[in-house]
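Please examine the sequence and the three-dimensional structure shown below.

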Amino acid sequence: MTNLLTSDWITLDGRLEPIDFDGFADDRSPTELAKLVLNAYSRPGDWVLDPFAGLGTGLIAAEAMGRHCIGFEPNAARAGWVRERLWPPNRIIQAPIEELDRHQLPGFSLVYTSPPYPTVHLQDDPWGPSYFQDMEAIFASIASHVVPDGRIVVEVSNILTDEGFRPLVGQMAETIGRVFRLEREVVRINTSDWPAGPGVWHSSLLIFTASAG
């Protein structure tokens, strides 16, 4: 598939659309960004995977754009909320992505996601001491489910807190790059006052190809 994001950076408003989820809902990417990625790296009828689906922004956008989609989300409330908004064959699986191989899945043309990175202590890995090893193992398990010309687009931001700065974009690029070939980075800049990540107003789309890194 041709690389359709031709600029090294994009701007968008970045504010999140209000949703009727009864719980914390600010840990999402804007629908505008999801539509841009889906339009660039998938076609109607393609299968899209979100291994860290959360509240399903990418899945819901994919369905609306005529793609087929599957997401994994272990939180029951979030998975239930997304499930009510998808029609078969699209679906959300209430399970951690580590259970991927327990399910019959199609070949995915696009993997579009933002991995979880809650409160980050600069001296530790952001998801416990094995975070980056876990990420590498997860994406290695996904690799066999991606079609040969597929893309893997991972949105991640750096971290800026009172503790200091963490270059999480580079760390994630290196980690996933051990599984997939890093093709390029596209920086997304918010023009609104809505942050794109902890303490920052921009994030990165790390775009990988399905060929091994």
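Predicted model: local features only at pLDDT ≥ 70, side-chain atom pairs only at ≥ 80, totals over all residues.

**The largest pocket and its surroundings**

The largest pocket has a volume of about 980 Å³. Its lining comprises 41 residues, and those closest to the centre of the pocket are Asp 27, Arg 28, Ser 114, Pro 115 and Pro 116.

What kinds of residue form the lining of the largest pocket? Sorted by class, 23 of them are nonpolar, nine are polar and nine are charged. Three elements each contribute at least two residues to this lining: helix H2, which spans residues 57–64, strand S5, at 108–113, and strand S6, at 146–156.

Helix H2 deserves a separate look. Six of the eight residues of H2 are buried, and the helix is therefore described as mostly covered. The buried residues are Thr 57, Gly 58, Leu 59, Ala 61, Ala 62 and Glu 63. Which elements cover them? The covering elements include two other helices, H1 (31–41) and H3 (76–83). They also include the strands S2 (47–50), S3 (68–72), S4 (91–93) and S5. After H2 comes Gly 66, a residue whose phi is positive, near 85 degrees.

A charged residue provides the next stop. Arg 184 is found in strand S9, which runs over residues 180–190. Is Arg 184 buried or exposed? The relative accessible area of Arg 184 is 16%, and because a residue counts as buried when this value is under 20%, Arg 184 is buried. The side chain of Arg 184 has a partner: it makes a polar contact with the side chain of Asp 8, at 2.8 Å.

The view may now be widened to the whole protein, which has five helices and ten strands. Its radius of gyration is 16 Å, close to the 17 Å that the globule rule gives for 213 residues, so the protein is as compact as a globular protein of that length. Taken along the principal axes, the box filled by the C-alpha atoms is roughly 45 × 40 × 35 Å. Of the 213 residues, 50% count as buried.

Contacts along the chain complete the picture. Among contacts between residues at least 6 apart in sequence, 65% join residues at least 24 apart.

Note on methods: Residues numbered from 1 in each chain as written. Heavy atoms only, no water. 1 Å grid on protein atoms, 1.4 Å probe; cavity = no way out; pocket = protein on both sides within 12 Å on 5 of 7 lines; lining within 4 Å. Points joined across faces, edges and corners; volume = space filled by probe spheres on them. Helix = DSSP H or I, 4+ residues; strand = E, 2+ residues; numbered from the N terminus. Nonpolar A, V, L, I, M, F, W, Y, C, P; charged D, E, K, R; others polar. Buried < 20%, exposed > 50% of the residue type's maximum accessible area, 1.4 Å probe, protein only. Polar contact = N/O pair within 3.5 Å; in protein donor to acceptor, adjacent residues only side chain to side chain. Contact = heavy atoms within 4.5 Å. Rg over C-alpha atoms; globule rule 2.2 N^0.38 Å.
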